[in-house]
Amino acid sequence: MKKRFGICMMALTTMMLLVVSGCKENDTEDPPTGVLEGSFDNLTTYPAPALLQFERKDGSEVTMLVYPGQVIVLSPEGSVEAINQLITGNDGTVTIQIPGAGFYLATVGPEREKDFISAMFKNPKVADAFPNAVIRVKGFEELISSPDKSIPGEKSILTDLATNGDKNSLIQTIDLNVTMGCPDGITHMQAVANVAGAGGVSVNINDVTVPESDDLKGADYCKAMKKTLEVLNYAYEHNQPVVINMSMGGKDNVEGDNYWYYRRYITMFKAIEMKTPHLLDNAVLLMSCGDVNVNETDDLEYLHGEFPDSPVWDHIFMVGSQEAPFGCGMGYANKGTANYLSAPACDVSIPGSQCPGTGNSFAVPRISGLIAETYEMLKEAGIDVKIPDISSALYIWQTQHNGQLPSVSQLFNLFAGGEPEVNYAGTWSGTFYYKAEIPQQSGPPLVVNTSFILTMTLEATAAVPGYPHLMKITAVTCSDPSFGATMAVAPDPTLSMAFLPAAYGSASDLGMGITVKFPNGSMIFTSNSPAGAYTIDAEGNKLESTSLVTNDAFSASGTVDNSNDPGSGPGGYAYNWCTFKSWSLVRL
């Protein structure tokens, strides 16, 4: 699972045989149809998890916590008869099969599991074979001994916004019922669903939790992959669109595991395209990137090389942290990487809970909600657009706008027309916040948190549609007398300018910023590095600095040359005493 909350769970000290409901779900007694035609599920028990060292298909060795004796076999091209014979011919039992997706779960003696996997790889019709591994809380190993958090024993009293969801909901999450250390007791699957449904779209939680012991819960590949197929099949058979939110994935502390997690779903989708055409026509799966500060660009590009020009790429996108490589240290890919989307992953507000969430778990539902809300708006307007088309349009938009998220109306306008003309001309006013730490003769410095108000009038110098806007500043006032502009003055016309983004709802590129040189020689300029130092909102009415430049959002210098002397900074303070925290400007 992709998350990072304070968690305190007891260590797994006792391994016992767990007799629980497996992947099997008796929702209907009718014969399965669609991608589920010819399927069965005879899994009734899960053995206690154990560590297993095995070889992946590429020969790399890895040690994982698995359910011993359970092996998943993926075969897009093999017939059901051939794969059944292959499994039974190697002393295995076909316990689950979904031929329409090339998906099989074989059970074997745990002592033969590695040999069985090797035998599967020798058959050219087998695309992958791997143990049914445990999937659970991201960062679990690091957080298991955290002493300052506890999990409430009583039932949560928080607001669960997803309780009204069902199989017909547009957003379907596949998630785990594990608490996250918040005092209100919110579970991961509730939090993800609440973020996804914040805009009013119906969300249904598909709980794929598998108990591991009395104190720990996780999921497994089997149940998560099978539930994905069931959700897709239901939506297709009922002629409904679906956005599948997968806020969990491979283990971040196991090298390459996120790549293999993506690859196995892509392989399954390839089988669907080959064996069950049109099942994915109005569906998209959104998968979470890792929760460590790793650039996954190479992995995603390699996957495209393994599945070149495959139609599955219309239906799978990976989601990473918009703040990365800065921010809170979550996984990401370079902007413009194929099938990569990004959204905020740091301190994401969770409707109905007192706790924010940090992790790509909470970036994915932001994307799910945006796609689903856009679909609903287009539907209300009588515009027929499929979910994969909206997802692709979002990808193109982010590629063109430095990875920023559009608003629902902006994404809607890509199909409906009417994208607002970008025009920054007019008067803008806002507050610039800074902190001064004034040295004292003895003891710590005196800390003063203060601000000033800057107002300026912009006129276009160069404003070509689709390109950044260069604006001249014709008049400026500043509430701080140090700048000599408590009444409107004309700033230096050579050095005073604003270099602003090409589109609303986007972030600044490297080198973009605002510079004001006052008649008395003092200056204010916003940080122009890195890219994303400031944003313009979707309506084009608010410019503001971002968390990427917190405490270095702007610079304000006075008329005194020595930076250690009062008057060299704002407010009569020394420039070196000041920390320039943040700023914002609103169109008047």
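View 1. Ser-506 counts as buried, with 4% relative accessibility (buried is under 20% relative accessible area, exposed over 50% and partly exposed in between, with a 1.4 Å probe and protein chains only). The residue is part of strand S19, residues 506-507 (strands are DSSP runs of E with at least two residues, helices runs of H or I with at least four, numbered from the N terminus). Leaving aside residues up to four places away in sequence, Ser-506 touches His-401, Gln-404, Pro-501, Thr-535 and Ile-536 (contact means heavy atoms within 4.5 Å). Its side chain reaches the backbone oxygen of Ala-503 at 2.4 Å.

This is a predicted model, in which local features need pLDDT of at least 70 and side-chain atom pairs pLDDT 80 or more, while totals for chains, interfaces and linings use all residues. Residues are numbered from 1 along each chain as its sequence is written, and side-chain values use heavy atoms, without hydrogens and water.

**View 2. Asn-576 in the loop between strands S24 and S25.** Strand S24 covers 554-557 and strand S25 covers 578-587. With a relative accessible area of 46%, Asn-576 is partly exposed. Asn-576 touches Ser-563 and Asn-564, residues up to four places away in sequence not being counted. The side chains of Asn-576 and Asn-564 make a polar contact at 2.9 Å (a pair of N or O atoms within 3.5 Å; within protein, one must be able to donate a hydrogen and the other to accept it, and residues adjacent in sequence count only if both atoms are side-chain atoms).

**View 3. Asn-576 and Ile-438.** Their C-alpha atoms are separated by 9.6 Å, and the two residues are 138 residues apart along the chain.
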